[in-house]
Amino acid sequence: MVNHSTLSDEELLLLMHGGDEDAFLTLYRRRQGPIYRFALRMSGVESVAEDVTQEVFMTLIRREIGFDSTRGSVAGYLFGIARNQVLKRFEKERGYSSIENEDLGEDGLDERFVTQANPLGDLTQRELIESVRSAVLSLPVHYREVVVLCDLNEMSYADAAGALGCAVGTVRSRLHRARGLLVERLRGIHQSQNGQPQNGLTDPETCYV
Amino acid sequence: MNCSGFQKNVHALAAERLMDAAERANALRHAENCSSCAAALADARALTAGLKSLVVAEQEIEAPACVENALLLAYRKRAEQTPAVSSAVPLVRRTPFRPLVAIAAGLLLIFGVVFWRSIIARKTTPTKDERLGITTPTPEVKPPNPPTPVEEKPETVIATHRQRRTPGAVKPARPFVQDEITAYADDPQIASDFISIDEDQSLTPMETGQLIRVQMPRALIARFGAPVSAEKADVPVTADLLLGEDGIARAIRFVR
């Protein structure tokens, strides 16, 4: 009797395609959480996250796209499918668009955001988590996905690059820019919660470029 | 390190992602001497802490049980419809076409008998092979082992057998149609394209092989969908058989 929990994702995938139901269940239970959380963090909607998760594993069952071990890990492969499913839904429903870069001023910073204060200071833990969640959801999609994959799903740059179909350097630069945007948006959230006046930047030397 | 260099690395520094040790030390030293960069590092660290808090808060979130139930149902339904594939088979390969495996085994037995009883004409026609899409691989050809003992040593032709398959589609047994004979009217020898008889997925992929010319009972070509007239049923037909390194037939084409 094979102990499926000790097998790698690739081995489980092979067994699963050979008709081993336990292999399929083991692989599903191992990978469904990160896939579901990825879809939830990208869309902010539970029903979308459920649909995406189901569709990812249905694609696996139907073998619509072949897995190539030379191109990356099974996890990266699954995230790639999940990402495509999320983007399809964004295209279809256009209900999850985030604040685009057009909202930012010439220097790349939103003029509503102010102060040098720690953007996350004085918040309770719950408020902190909610603030970060809202800020991530407000990012443009191509920045949001790198934050969700690398910072929230704790993927390596290489696996994230495989899932996104881009170079590692692209992931790094997008993540850098995305985190800069997050800092600024969290400042804005903090300011609006504290009711402080929004007068523009107080430290012109602060630079996130 | 200057402010520009520091800003490029501030988030990697805050997130404690892998950095060169010397570069990290330089960055931290710069932050000690530059208030704006120190503030940027503080912001980046606060963000990192916020992101980690979000990860911890959401780590138990999973897909609901109904998703697993639906997928299990779909998996079982699929398993009923599709025969199991050997775990040694690459994921992009398809289910073997079992009836043709039996035909291929029968053909091989018949060809072995025909070898002992027939005179085999051997020619190599590389230009014809190129027209028909058969390519000769580089580097040099290795002399293969003959699959069965023969009275005359066959002339070896090394060819690469390419199976054109549409991903996701099961290739049907290719019909042999009369029109294909006239399609090769310019070539007095060749009467048809190669017809694959290698549907057994457990066979090893072919790197080199042998092309041997055989004669076989005309009635056998009916298995490939070719019409056979009653008056010519006793007349043997000449064919080229493509064998793999393992001696198992991969494809057949008919010769005038």
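A salt bridge here is a side-chain nitrogen of Lys or Arg within 4 Å of a carboxyl oxygen of Asp or Glu. This is a predicted model, in which local features need pLDDT of at least 70, side-chain atom pairs count only at pLDDT 80 or more, and totals for chains, interfaces and linings use all residues. Residues are numbered from 1 along each chain as its sequence is written, chains are lettered from A and ligands numbered from 1 in the order in which they are written, and side-chain values use heavy atoms, with hydrogens and water left out.

**Stop 1: two salt bridges**

Select Glu58(B) and Arg133(A), whose side chains form a salt bridge at 2.8 Å, N to O. Next select Glu21(A) and Arg76(B), where the N to O distance of the salt bridge is 2.7 Å. This pair runs between chains, from helix α2 (residues 21-43) of chain A to helix α4 of chain B. Helices are DSSP runs (H or I, at least four residues), numbered from the N terminus.

**Stop 2: the whole interface**

Now select the residues in contact (heavy atoms within 4.5 Å): 43 from chain B and 58 from chain A. Together the two chains bury about 4,500 Å², 62% of it on carbon and sulfur atoms. Buried area is the accessible area (1.4 Å probe) that two parts lose on being put together, summed over both.

**Stop 3: the second largest pocket**

How much space lies in the second largest pocket? The volume is about 390 Å³, counted as the space filled by probe spheres set on grid points joined across faces, edges and corners. A pocket is an open set of points on a 1 Å grid over the protein atoms alone, where a 1.4 Å probe fits, with protein on both sides within 12 Å along at least five of seven lines; lining residues have an atom within 4 Å of a point. Select Arg71(A), Gly76(A), Tyr77(A), Gly80(A) and Gly162(A), the closest to the pocket's centre of its 18 lining residues. Then colour α4(A), which gives the largest share of the lining, six residues.

Technical notes
Helices (H or I, at least four residues) and strands (E, at least two) are DSSP runs, numbered from the N terminus.
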